[in-house]
Each structure stands twice: as structure tokens, then as C-alpha cells.
Amino acid sequence: MPDSLFILVKAEGTSRKIAVTDKGKLLEYYVENGDESTLVNAIFVGRVENVSPGVKAAFVHIGQPLNGFLPLTEMESFQTAEGEKPLVSGEEIIVQVKKDARDQKGAFLTRDIALPGQYIIYMPFNRYVGVSKRVTEECQRERLTELGRELADGTCGLIMRAGAMDARRDEMAEELAGLASQWEKMQQKAVHLKAPATLYREPSALTALVRDYAPRYELSVTVNNAVNRMPSPEIGLLWGQVSDIELDAAWRSSTVDQQLADALGRRLELNNGGTLVIDEREALTTVDVNSGKYIGEKNSDLALTQNLTACAEIARQLRLRNIGGIILIDFIDMRTDAERAQVTSLLIAQLSHDRGKTVVHGFTKLGLLEMTRKRTGTTLREALQTPCNVCHGTGYRPIKSTSK
Ligand SMILES: [Zn+2]
């Protein structure tokens with residue numbers, strides 16, 4: 001019996017709030033407003049505005065306020081398969097967004113198209129065959145690599161996703177054929193379009209959730225009447241349509257709003273008396289694990305226990321807050337490498353439920369655990385809050401003078 005995920009979808013006007021929960025814990029939260037959501041994976045017919053050999057990139061107009069940034073050199077396998085074709089200004093090319101625009105930098109683009117399915121990611125231009133990092137068993141990785149090579153048959157690149165582990169070969173072959181024909185149609189369409197034009201947009205957050213989680217979980221989705229843009233309910237997907245009032249009641253009993261408030265705060269209480277302090281900064285995020293009590297030399301077993309207890313909550317908070325980039329975790333000091341290894345492996349296990357890609361690098365010389373999480377879309381804070389115009393993000397404001 002697979003684990004279950006409960007998804008609540010609350011539609012109001014043109015916006016939709018999506019809460020993903022498991023056993024009462026809020027795991028992910030999304031707000032979709034019309035078409036403001038992420039452009040990651042979107043494919044455009046773009047126009048090369050200028051080629052800058054200095055930064056080894058071309059700037060491509062894709063119909064967005066900022067021109068996209070396209071590196072001139074792509075992945076080796078792409079270059080081998082496609083050869084070196086110099087880009088020229090005014091040229092119309094098909095590009096895909098890898099990272100959203102942020103901080104005055106345009107979207108990061110690639111010509112090495114990748115179309116994600118449930119089991120595989122199809123890459124028409126390169127010849128690389130790989131397996132998702134989420135598949136950790138060596139024998140599974142070998143089996144999937146072999147299968148991927150057979151399916152790709154030297155005609156395309158493929159990444160075997162974690163969902164491929166339980167899929168049948170014919171299901172994967174069918175998906176590959178579907179993605180290849182989707183790409184074929186996009187290319188035909190591109191011929192008749194004038195740049196800049198959109199060829200493909202990622203499905204809605206809900207469709208993507210269903211696509212990513214249906215192979216691994218039993219999904220139960222509850223929506224209110226107002227929802228119309230829906231993925232077609234699939235087999236194994238429990239679909240419930242309820243009234244606005246019933247949805248509000250489910251929303252309240254899942255304490256979604258309270259859990260969101262906690263995820264927007266700095267300090268979080270853990271069940272065992274400890275606390276987590278999470279600071280999201282531009283360059284990196286820090287997580288500080290504190291014990292509620294004084295931990296002396298004698299009961300440093302307590303340090304290990306507290307750190308182990310914190311792992312699940314750290315993993316959940318990073319996922320819920322959708323924090324990307326570098327993350328440094330300051331665990332309570334431990335005595336031995338064996339203890340540090342125990343904490344590291346538990347954290348990795350907890351992070352494995354996250355569909356965001358994470359890499360744990362280990363402890364730094366100063367004893368901080370260093371990890372990264374891939375940026376996708378907006379963080380929870382960006383989705384729900386705007387910067388404070390009093391302190392401009394510092395958290396401080398001038399002392400009011402009391403003297404006359
Ligand atoms: Zn402020």
C-alpha cells in the first residue's frame with residue numbers, strides 16, 4: 001500500500017490555493033494567479049537580440065520584460081550531437097527556460113530541450129542517458145540505465161525518473177512516443193510562428209503535482225465547486241468535489257493557515273522542547289537547531305537525540321518554504337563523526353520525499369552541515385508576502401527620539 005497525500009484545492013475567482021498535506025502536516029503550498037506562475041520548462045520561439053562573446057552568452061527576446069540569458073556552450077552531449085552552430089543576431093531559435101528571471105537577471109535559457117513525463121525526461125537534442133539521483137539502489141540504477149539506453153536507442157537523450165522504478169517497459173515506451181510526438185508538433189508549430197511566441201507552458205501546479213506524485217503516492221484531491229482547469233482524474237486518484245463551505249471546513253481542520261504562519265516565521269518550536277531558527281537570506285539560508293535545555297558534557301547524548309528529532313522538521317520546512325540555493329544547518333555540537341554521520345543520513349532520508357532536488361554535502365570545518373536545494377518557482381515567502389517598506393529587509397528601524 002503506497003503512502004497517501006491529501007491535496008486541498010481552494011479556488012477563489014482566478015486564484016487557486018493548493019495545500020499538500022500528509023497526516024495533518026502541511027508539506028507544500030502553492031498559490032496560482034492566472035498565469036503568474038513559474039516559466040521553468042516553458043518553451044519559446046525566441047529572437048536572438050545580441051551575442052556577447054565576452055560573457056559567452058546570447059540575449060534572447062522571449063516576450064518577457066527581460067531578455068533571456070542563453071549560454072553559447074551547452075552540455076557536452078548536446079554539442080556533440082548538434083555540432084557548433086554560431087548564433088547570429090536576429091536569428092529565431094527554440095529555447096527553454098531553466099531558471100526563472102530574478103533580481104534584474106533575465107530567465108536562464110537552454111537550447112537543449114527537456115520534456116518531463118511521469119517516468120522519463122525526454123531530450124531530443126542530446127544523447128545522454130541517466131537516472132534520477134532519487135534512485136539510490138545501485139542495481140536499480142544499472143537496470144534503469146540499461147532500459148534507458150534501449151528505449152533511447154541512440155536517437156535522443158533520456159533521464160529515468162524515480163517513477164520509472166515501478167513502471168512497465170511498455171508504459172515508458174508509450175510515454176516516450178508521446179513526448180517525442182509532442183516535440184514534433186511543437187517544431188511544426190514553430191515554423192509558422194513569429195518570435196517571440198510561446199510553444200509550451202508547464203501544466204498548472206495541480207497537474208504537475210499529480211504527474212509527479214501519482215506514481216509514488218495514493219493521491220486524494222478535494223476541490224471546491226469553483227475549480228475548472230483540472231487535470232483529468234486518473235485511475236488511482238481519489239477525486240472529491242465539495243461545496244465552498246465544506247472545503248473551508250476541511251481547510252480549517254487541517255490547520256493550513258496556522259501551519260503557513262509558522263512557515264513564514266523565523267522561530268519554530270519542536271515537540272521535544274528544542275527550537276529551529278530559519279533565516280532566509282539572499283545568498284544563503286541558515287537553520288539553527290537549539291536545544292531547550294542546557295546540554296553539558298555529561299548528557300551530550302541529548303544533543304544527538306535533539307538533532308535527530310530536528311531532521312524531519314528541517315526537511316519539511318525547506319520543502320514547504322520552497323527554499324532554494326545554499327543552506328547551512330547549525331546542529332547542536334556532537335562529539336563524534338559517527339554521530340554526525342547518523343544525523344546526515346537521517347536528513348538525507350527525510351529529504352528524499354521532496355520533489356525538489358537536494359544535495360547534502362556534509363559538514364564544514366566549522367561543523368555546519370552544508371547542502372543545496374534546487375530553486376523552482378517562488379519561495380513561500382515570495383508567494384505570500386511583500387518586503388517591508390519600513391526596514392527594507394533589515395528588520396530594524398531608527399529609534400524614535402524621545403528628546404524634544
Ligand atoms: Zn520591517
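Student: What is the relative accessible area of arginine 335?
Tutor: Arginine 335 counts as partly exposed, the class between buried (under 20% relative accessible area) and exposed (over 50%), with a 1.4 Å probe and protein chains only. The model is predicted, so local features need pLDDT of at least 70 and side-chain atom pairs count only at pLDDT 80 or more, while totals for chains, interfaces and linings use all residues. Residues are numbered from 1 along each chain as its sequence is written, and side-chain values use heavy atoms, with hydrogens and water left out. For arginine 335, the relative accessible area is 47%.

Student: How far apart in sequence are glutamate 28 and arginine 355?
Tutor: The side chains of these two residues meet in a salt bridge, at 3.3 Å from N to O. Glutamate 28 lies in strand E3 (residues 25–33), whereas arginine 355 lies in the loop between helix H8 (337–351) and strand E20 (358–363); helices (H or I, at least four residues) and strands (E, at least two) are DSSP runs, numbered from the N terminus. The pair therefore ties together parts whose separation in sequence, in residues, is 327.

Student: Which residues are linked with Glu28 in a network of salt bridges?
Tutor: Glutamate 28 itself is buried, at a relative accessible area of 2%. A search of the whole structure finds 22 salt bridges. The residues linked with Glu28 in the network are Arg161, Arg211, Asp212, Arg319 and Arg355.

Student: Which residues coordinate the zinc ion?
Tutor: Donors are N, O and S atoms within 2.8 Å of the metal (3.2 Å for Na, K and Ca), and since water is not among the atoms, sites may look incomplete. Through their SG atoms, at 2.1 to 2.3 Å, the zinc ion is coordinated by Cys388 and Cys391.

Terms used. A salt bridge is a side-chain nitrogen of Lys or Arg within 4 Å of a carboxyl oxygen of Asp or Glu.
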